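User: I have a chain open here and I am new to it. Can we go through a few residues together?

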Amino acid sequence: MIQSSLEFFKNLLPKKCVNCGEDIEEQHECYGNKCDKCLGVIEE
Ligand SMILES: [Zn+2]
């Protein structure tokens with residue numbers, strides 16, 4: 001079965017921080033794809 005690439009990535013991204021690439025521990029996904037460190041550092 002060929003699923004949407006987005007569906008596939010959705011399952012992988014939440015595991016890694018999109019900012020630094022660190023592995024994200026089991027946390028609330030409502031924050032997005034950032035680790036605890038990046039969540040505390042607002043860089044914009
Ligand atoms: Zn990070």
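User: Where is Asn 19 found?
Analyst: This is a predicted model. In it, Asn 19 is found in the loop between α1 and α2.

User: What does Asn 19 touch, leaving out residues up to four places away in sequence?
Analyst: Asn 19 touches Lys 34 and Cys 38. Asn 19 and Lys 34 are 15 residues apart in sequence, and their C-alpha atoms are 6.3 Å apart in space.

User: Is Asn 19 exposed or partly exposed, and why?
Analyst: Asn 19 counts as partly exposed because it has 15 C-beta neighbours inside 10 Å. A residue is exposed at 12 or fewer and buried at 20 or more.

User: Ok, on to Lys 34. Where does that one lie?
Analyst: Lys 34 lies in the loop between α1, residues 5-12, and α2, residues 36-40.

User: How far is Lys 34 from Lys 15?
Analyst: The distance between Lys 34 and Lys 15 is 9.0 Å, C-alpha to C-alpha, and they are 19 residues apart in sequence.

User: Why does Lys 34 count as partly exposed?
Analyst: Lys 34 has 18 C-beta neighbours inside 10 Å, so it counts as partly exposed.

User: What about Asn 33, where is its place?
Analyst: Asn 33 has its place in the loop between α1 and α2. It counts as partly exposed, because 16 C-beta neighbours lie inside 10 Å. The C-alpha atoms of Asn 33 and Gly 21 are separated by 9.4 Å, with the two residues twelve apart along the chain.

User: Different spot now. Is Asp 23 buried or exposed?
Analyst: Asp 23 counts as exposed, because it has 8 C-beta neighbours inside 10 Å. Asp 23 lies in the loop between α1 and α2.

User: What does Asp 23 touch, not counting residues up to four places away in sequence?
Analyst: Asp 23 touches Lys 15 and Lys 16. As for Asp 36, its C-alpha atom is separated from that of Asp 23 by 9.9 Å, and the two are 13 residues apart along the chain.

User: Stepping back, how many helices and strands does the chain have?
Analyst: The chain has two helices and zero strands.

User: And how much of the chain counts as buried?
Analyst: Of its 44 residues, 2% count as buried.

Conventions
Residues are numbered from 1 along each chain as its sequence is written. This is a predicted model: local features need pLDDT of at least 70, side-chain atom pairs count only at pLDDT 80 or more; totals for chains, interfaces and linings use all residues. Helices (H or I, at least four residues) and strands (E, at least two) are DSSP runs, numbered from the N terminus. Two residues are in contact if their C-beta atoms, placed from the backbone, lie within 7 Å.
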